[in-house]
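Me: I have a model open and would like to go through it with you. Could we begin with one residue and then turn to the overall fold?

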Amino acid sequence: MSDAGAGAAAGTLLAIHLRPGARIAVVRVDRATAVANQGLDGDHAVGGRRQVTLLAVEAWRAACAELGRDLDPAVRRANLLVAGLDLRAAIGGAIALGDVVVDVLGETRPCELMDDGGRLGLMAALRPERRGGVFGRIRAGGELRVGMAARLTPPA
């Protein structure tokens with residue numbers, strides 16, 4: 001669906017997950033603070049290129065359908081779960097969530113850590129069509145709330 005901005009697509013922020021540390025279960029929150037050039041307050045990823053990760057619920061559902069089971073998206077450990085945005089085309093573009101702007105820099109490639117020793121099969125199910133999501137740098141910070149509108153501006 002399009003909004004008033006040429007080339008922009010609109011969606012919704014469905015969930016926010018903070019990762020307190022590597023290999024520690026994510027914490028689901030209703031609100032979070034995005035800090036420019038840093039990441040999400042309370043998340044272990046700080047600075048660098050991969051300050052925030054995003055996963056499209058549609059891609060997650062496609063991966064679950066391929067696996068033949070319904071898994072909680074928190075298993076993926078992405079910070080932001082969105083609906084209505086085609087993240088496959090987002091690299092080089094930006095995603096705005098209220099005042100927060102995320103420059104999308106690359107694909108979040110699935111790794112073997114999420115497969116629990118090969119039992120889940122998520123790594124293979126998330127590889128096609130960039131189902132594993134994207135990562136980016138926070139250009140402008142602000143408050144994030146579950147339910148807020150998300151707008152994707154694809155690369156020029």
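**T108 and its surroundings**

Reply: A polar atom of the T108 side chain lies 3.4 Å from the backbone nitrogen of F135. A polar contact here is a pair of N or O atoms within 3.5 Å; within protein, one must be able to donate a hydrogen and the other to accept it, and residues adjacent in sequence count only if both atoms are side-chain atoms. The model is predicted: local features need pLDDT of at least 70, side-chain atom pairs count only at pLDDT 80 or more, and totals for chains, interfaces and linings use all residues. Residues are numbered from 1 along each chain as its sequence is written, and side-chain values use heavy atoms, with hydrogens and water left out.

Me: Is T108 buried or exposed?

Reply: T108 counts as buried because its relative accessibility is 3% (buried means under 20% relative accessible area, exposed over 50%, partly exposed in between, with a 1.4 Å probe and protein chains only).

Me: And what does T108 touch?

Reply: Leaving aside residues up to four places away in sequence, T108 touches R50, T53, R76, G132, G133, V134 and F135; contact means heavy atoms within 4.5 Å.

Me: Now the whole chain. How much of the protein is buried?

Reply: Of its 156 residues, 49% count as buried.

Me: What share of the contacts joins residues at least 24 apart?

Reply: That share is 74%, among contacts between residues at least 6 apart in sequence.

Me: What about charges?

Reply: The protein carries 20 positive and 17 negative side chains, and the centres of the two sets are 3 Å apart. Lys and Arg count as positive and Asp and Glu as negative, without His and the chain ends; each charge is placed at NZ of Lys, CZ of Arg, CG of Asp or CD of Glu.

Me: What box do the C-alpha atoms fill?

Reply: Along the principal axes, the box is roughly 45 × 30 × 25 Å.
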